[in-house]
Amino acid sequence: MHRSQGVRSRVIIGLVAEHELNTADPYSAWLVSDSQINHVVPSTRSGYETGIKCYLDYCSVRKLSPWSVTEIKMAGWMLITAQRIKHTSLRKYMSGLPYGQAIQPRALPWTVSGSEVVRKAMRYIKHRYPCDAKRSKLPITLQLIRQLASALPGFPALSRMCFNDLLWLCASTTATSAFLRAGEFLYSTESDRATLSMADIDI
């Protein structure tokens with residue numbers, strides 16, 4: 001008896017539908033087909049579907065047949081799409097096209113892998129639409145908190161500060177000075193770092 005795997009589509013993709021297994025053992029053929037469709041996790045599949053929809057919209061507007069994907073169609077789609085999204089996102093979109101073609105009702109070989117046209121289009125995109133370099137994160141320190149606090153009305157006279165500003169200052173200082181240093185309470189026989197003890201704390 002076959003184990004239930006929930007509700008699945010009974011669509012047989014072209015790669016399997018055109019094989020003799022589909023006649024000899026339809027259930028095995030469906031399992032193979034289902035594995036090709038559902039081998040990715042839902043989040044990855046969702047990303048693929050976003051890229052596929054973008055490509056289908058491009059082809060629909062230009063009255064192009066989307067399948068099978070050719071290097072010229074793919075490069076054209078890439079160059080137009082790159083005008084509104086980052087090339088890092090475009091790469092994720094591109095990864096969905098082989099998946100989309102593989103699950104079509106008709107078997108279609110993927111011929112774009114290693115394409116020089118696609119490679120050069122991506123290089124052009126990276127030069128023309130460069131992504132901003134990632135900025136280094138600024139560490140939160142007491143010095144930074146003092147600089148931020150200097151912009152608050154009444155600082156450094158605490159009695160002249162409003163309640164909300166004083167609450168922010170207290171929470172930020174406590175978190176930076178105490179909670180974020182909790183690792184100093186830990187003790188390990190393999191560590192030569194001094195361990196913070198109750199005797200070191202004044203309240």
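**Note on helix packing and cores**

1. The axes of helix 4 and helix 6 come within 7 Å of each other and cross at roughly 90 degrees. That makes helix 4 roughly perpendicular to helix 6 (65 to 115 degrees counts as roughly perpendicular). Axes are lines fitted to C-alpha atoms, for helices over the stretch in contact, and angles run from 0 to 180 degrees between N-to-C directions. Helices are DSSP runs (H or I, at least four residues), numbered from the N terminus.

2. This is a predicted model, in which local features need pLDDT of at least 70 and side-chain atom pairs count only at pLDDT 80 or more. Residues are numbered from 1 along each chain, and side-chain values use heavy atoms, without hydrogens and water.

3. The axes of helix 6 and helix 7 come within 10 Å and cross at roughly 155 degrees. Helix 6 and helix 7 are therefore roughly antiparallel (over 145 degrees). His87, Leu90, Arg91 and Met94 of helix 6 meet Val118, Met122, Ile125 and Lys126 of helix 7 (contact means heavy atoms within 4.5 Å).

4. The largest nonpolar core has 32 residues, and Met74, Trp77, Met78, Leu90 and Met94 have the most contacts inside it. Such a core is a set of buried Ala, Val, Leu, Ile, Met, Phe, Trp, Tyr and Cys residues joined through side-chain atoms within 4.5 Å; buried means under 20% relative accessible area (1.4 Å probe, protein chains only). Helix 4 gives the most to this core, with six residues.

5. Not counting residues up to four places away in sequence, Met78 touches Leu90, Met94, Val118, Ala121, Met122 and Ile125.

How values were computed. Buried < 20%, exposed > 50% of the residue type's maximum accessible area, 1.4 Å probe, protein only. Helix = DSSP H or I, 4+ residues; strand = E, 2+ residues; numbered from the N terminus. Parallel < 35°, antiparallel > 145°, perpendicular 65-115°, else oblique.
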